Amino acid sequence: MAKLYFKYGTMAAGKSARLIDVASSYERQGKEVLIITTDDSGVVSSRNGAERDAVTVKDDTDIKNLVLSGDYKIILVDEAQFLSPSKIEELHHIALDEQIPVMAFGLKDDFRKEVFPGAIKLFALAESVEEIRAICADCEKKATCNMRHIDGVPIVKGDQVLRSKNSYKAVCSHCYRRAIKSALLV
């Protein structure tokens, strides 16, 4: 039985690298893979340098028609937290109705510790939820927070989405709190 999977982690946890590995594994078996992203570039890229072409999905994209246009054996979603809850529902229905597994990779929450609406829906609907662990950039404990910074100074306010990988780092809760407290004193 096909199902919706949610594989989440902090920035730099290797989510996109895992997505690319899963795609390669299916393709080595001669199976067709649909990779979708919310990024306008139409590319899934990993910090390890690996890249794959992807279909960019917007709120008006009919994912079911896209899926039915090929003989896909799996759907892989990068940056799934940016999908609207209705798009997450659409993917869940595709997994159940079309019997095609959907693996969604993404963040749980933002730099303010606010959960993304798409992630909330994924936690609610996914039949399988797995945390992809990362190491704190400051102390080497388990990273649980995404810290946004500008010129090394942690930022605690601003838009939820800023698509710049260089402006974030994964840290543990202790290092996050210490950095935020320090930044507020400046």
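**Strand pairing and nonpolar cores**

Residue Y5 stands opposite S128 in β8, where strands are DSSP runs of E with at least two residues and helices are DSSP runs of H or I with at least four residues, both numbered from the N terminus. The structure is a predicted model, in which local features need pLDDT of at least 70 and side-chain atom pairs count only at pLDDT 80 or more, while totals for chains, interfaces and linings use all residues. Residues are numbered from 1 along each chain as its sequence is written, and side-chain values use heavy atoms, with hydrogens and water left out.

Y8 also has a position facing β8, standing opposite E131. Strands β1 and β8 pair in the parallel sense over 4 bridges; two strands are taken to pair if DSSP finds at least two bridges between them. With β7, β1 pairs in the parallel sense over 5 bridges, and F105 in β7 is the bridge partner of K7.

These pairings belong to an open sheet of 6 strands with parallel pairing, in the order β5-β2-β6-β7-β1-β8. At its edges are β5 (55-56) and β8 (128-131), each of which pairs on one side only. Helix α1 (residues 15-28) packs on the sheet and touches β1, β2, β6, β7 and β8, contact meaning heavy atoms within 4.5 Å. The direction of α1 makes about 170° with that of β6; axes are lines fitted to C-alpha atoms, for helices over the stretch in contact, and angles run from 0 to 180 degrees between N-to-C directions.

Because 5 of the 5 residues of β1 are buried, this strand is largely enclosed by the rest of the structure. Buried denotes under 20% relative accessible area, exposed over 50%, and partly exposed the range in between (1.4 Å probe, protein chains only). Both faces of β1 are covered, with L4, F6 and Y8 buried on one side and Y5 and K7 on the other.

A nonpolar core is a set of buried Ala, Val, Leu, Ile, Met, Phe, Trp, Tyr and Cys residues joined through side-chain atoms within 4.5 Å. The largest has 30 residues, of which I36, I75, V77 and L91 touch the most other members. Elements giving two or more residues to this core include β1 (4-8), β2 (32-37), β6 (72-78) and α4 (117-125). Helix α3 gives the most, with 4 residues. Another core, of 18 residues, lies apart from it, and V22, V33, M103 and A143 are among its members.
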